[in-house]
Amino acid sequence: MHGPASPGWLLVALCAATGAYCLLRMRSPVEEQRRAAGGEALMGFGMAAMAVPAAVAAPPRWTWLAYTALFGAAAVRALWAARSNSHHLHHLVGVCAMAYMAAVMAASPGHREHGGTGVPLVTGALLLYFTGYVLWSGARLLPVTAVAGQQGDAPGWGDRPEVARACRLSMGIAMVAMLLTL
């Protein structure tokens, strides 16, 4: 790696590409897939914006407060959507994690010291959840690609379940990276 900003820029690129693909998935004829893709696009672009290295652009405190409010509102929406579909529970955990990270950054911009107490409890719990999610979704991805390659009618890029799962996997990996640097 060439300096401390390199991993941040790679994370920005990964999250922005994931967000862009999720926007493409919003063109799907399946309504539930469009709704899920919208939430995932918000997460992808939000993660990309939050991952910009501080050496390049150190956002003012109000930016972190705005992120907290935005992801807090998205959490309310995900909570409402989770009533009818349990898939939205993962979205709920994701947007709550984003709101938490933004709130931490708003509370302590410029310095990240935990007073020698180690990893805070919420950060540790989120790290465990997303690490488990990454391992679980990575294992689920393998059989899907083998089955999808055998089908005669390949769905359009916006409707490919293995690519959507790969995007969710990449956002989970990015979440782990962001929580580790918190």
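Helices here are DSSP runs of H or I with at least four residues, strands are runs of E with at least two, and both are numbered from the N terminus. It's a predicted model, so local features need pLDDT of at least 70 and side-chain atom pairs count only at pLDDT 80 or more, while totals for chains, interfaces and linings use all residues. Residues are numbered from 1 along each chain as its sequence is written, and side-chain values use heavy atoms, leaving out hydrogens and water.

**The α1/α2 pair**
- Helix α1 (residues 5-25) packs with helix α2 (residues 31-50) at an angle of about 160°, their axes 7 Å apart; axes are lines fitted to C-alpha atoms over the stretch in contact, and angles run from 0 to 180 degrees between N-to-C directions.
- That makes α1 and α2 roughly antiparallel, a label for angles over 145 degrees.
- Among the residues that meet are Val12, Cys15 and Leu23 in α1, and Ala37, Phe45 and Met47 in α2.

**Cysteines**
- You'll find zero disulfides here, a disulfide being a pair of cysteine sulfur atoms within 2.5 Å.
- Cys22 is in no disulfide, and the nearest cysteine sulfur, that of Cys167, sits 5.0 Å away.
- Cys22 is buried at 0% relative accessibility, and Cys15 is buried too, at 1% relative accessible area; buried means under 20% relative accessible area, using a 1.4 Å probe and protein chains only.

**The whole chain**
- Of the 182 residues in the chain, 41% are buried.

Notes:
Angles under 35 degrees count as roughly parallel, over 145 as roughly antiparallel, 65 to 115 as roughly perpendicular and the rest as oblique. Contact means heavy atoms within 4.5 Å. Buried means under 20% relative accessible area, exposed over 50%, partly exposed in between (1.4 Å probe, protein chains only).
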